[in-house]
Amino acid sequence: FDFSLAVRYALSGNVLEETVTVCNEGDDVMIYGIGWHPGFNVAGCFDSARISFPEAGDVKRRVFSPAALDAGADVPFALEEGNVHLRHDLFDDDAVVLSETGGRAVLTCADGCRVELRYSTPYLGLWHTTGKEAPFVCIEPWETLPGRDGEREDISRRDDLLRLGAGECRSHSVSFVF
């Protein structure tokens, strides 16, 4: 597709907003997916770190195949008093992709460090390197999912991909509150 992508960062007080604007420069409908991959250093507090979801509904986890592709199913994901407590084995099967998280995720460490993500995406991925005791965690707002395992898909038929008409632009934002 013929497109342009612009990224804008705006800092206001303790809030950093990242806005990604996608423009279809072509003559036909453009299909795309987008998401973020911010990582946070939790080296000194991994065992005490938690991610809370103050506005979550009935959180669901998207099932992924061993090839890290969409298996096409959701299962309930129990939070512990609204939290996910970080543990390295949480990522043994790769990313934990959630929905119904309410658009806010707050990473907190026992030492008082805190960052809040505000997003409007339907999915939120939690990730760190599989099989390692990584000193970071990624909290990833996603608009779309990866392809389905075992299927060759016509992307024009996928309902989770985004569409832009010829000459149209759309902006997507995520905010980080420190």
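Which residues does I51 touch, not counting residues up to four places away in sequence? I51 touches G82, N83, V84, L86, A105, V106, L107, L126, V137 and I139, where contact means heavy atoms within 4.5 Å. The model is a predicted one, in which local features need pLDDT of at least 70 and side-chain atom pairs count only at pLDDT 80 or more, while totals for chains, interfaces and linings use all residues. Residues are numbered from 1 along each chain as its sequence is written, and side-chain values use heavy atoms, with hydrogens and water left out.

I51 is also one of the residues that touch the most other members in the largest nonpolar core, a set of 35 residues, together with L86, L107, L126 and I139. A nonpolar core is here a set of buried Ala, Val, Leu, Ile, Met, Phe, Trp, Tyr and Cys residues joined through side-chain atoms within 4.5 Å; buried means under 20% relative accessible area, exposed means over 50%, and partly exposed lies in between, with a 1.4 Å probe and protein chains only. Strand β11, residues 114–119, gives the largest share of this core, three residues. A second, separate core has six residues, among them A95, Y123, W142 and L145.

As for the chain as a whole, it has 15 strands and zero helices, these being DSSP runs numbered from the N terminus, with at least four residues of H or I for a helix and at least two of E for a strand. The radius of gyration of the chain is 17 Å, close to the 16 Å that the globule rule gives for 178 residues, so the chain is as compact as a globular protein of that length; the radius is taken over C-alpha atoms, and the rule is 2.2 Å times the number of residues to the power 0.38. Of the 178 residues, 43% count as buried, and among contacts between residues at least 6 apart in sequence, 66% join residues at least 24 apart.

The structure holds ten salt bridges, each being a side-chain nitrogen of Lys or Arg within 4 Å of a carboxyl oxygen of Asp or Glu. D70 pairs in this way with R62, their closest N and O atoms being 2.9 Å apart, and both D70 and R62 are buried. E116 forms a salt bridge with R114, with the closest N and O atoms 3.4 Å apart; E116 counts as buried because its relative accessibility is 4%, whereas R114, at 42%, is partly exposed. E116 and R114 also belong to a network of salt bridges that links them with E55, R104 and R118.

On the surface, F1, F3, L5, V7, Y9 and I155 form a nonpolar patch with about 640 Å² of accessible area together. Such patches are made of residues with over 30% relative accessible area and no salt bridge, with like charges joined within 9 Å and nonpolar side chains (Val, Leu, Ile, Met, Phe, Trp, Tyr) within 5 Å, and accessible areas come from the Shrake-Rupley method with a 1.4 Å probe, where for residues only the protein chains shown count as cover. F3 lies in strand β1, residues 3–12, and is partly exposed because its relative accessible area is 47%.

Two loop residues remain to be visited. A68, in the loop between β6 (60–64) and β7 (70–76), has a positive phi of about 65° although it is not a glycine. D94, which is found in the loop between β8 (83–85) and β9 (96–99), has a positive phi of about 85°, and D94 is not a glycine either.
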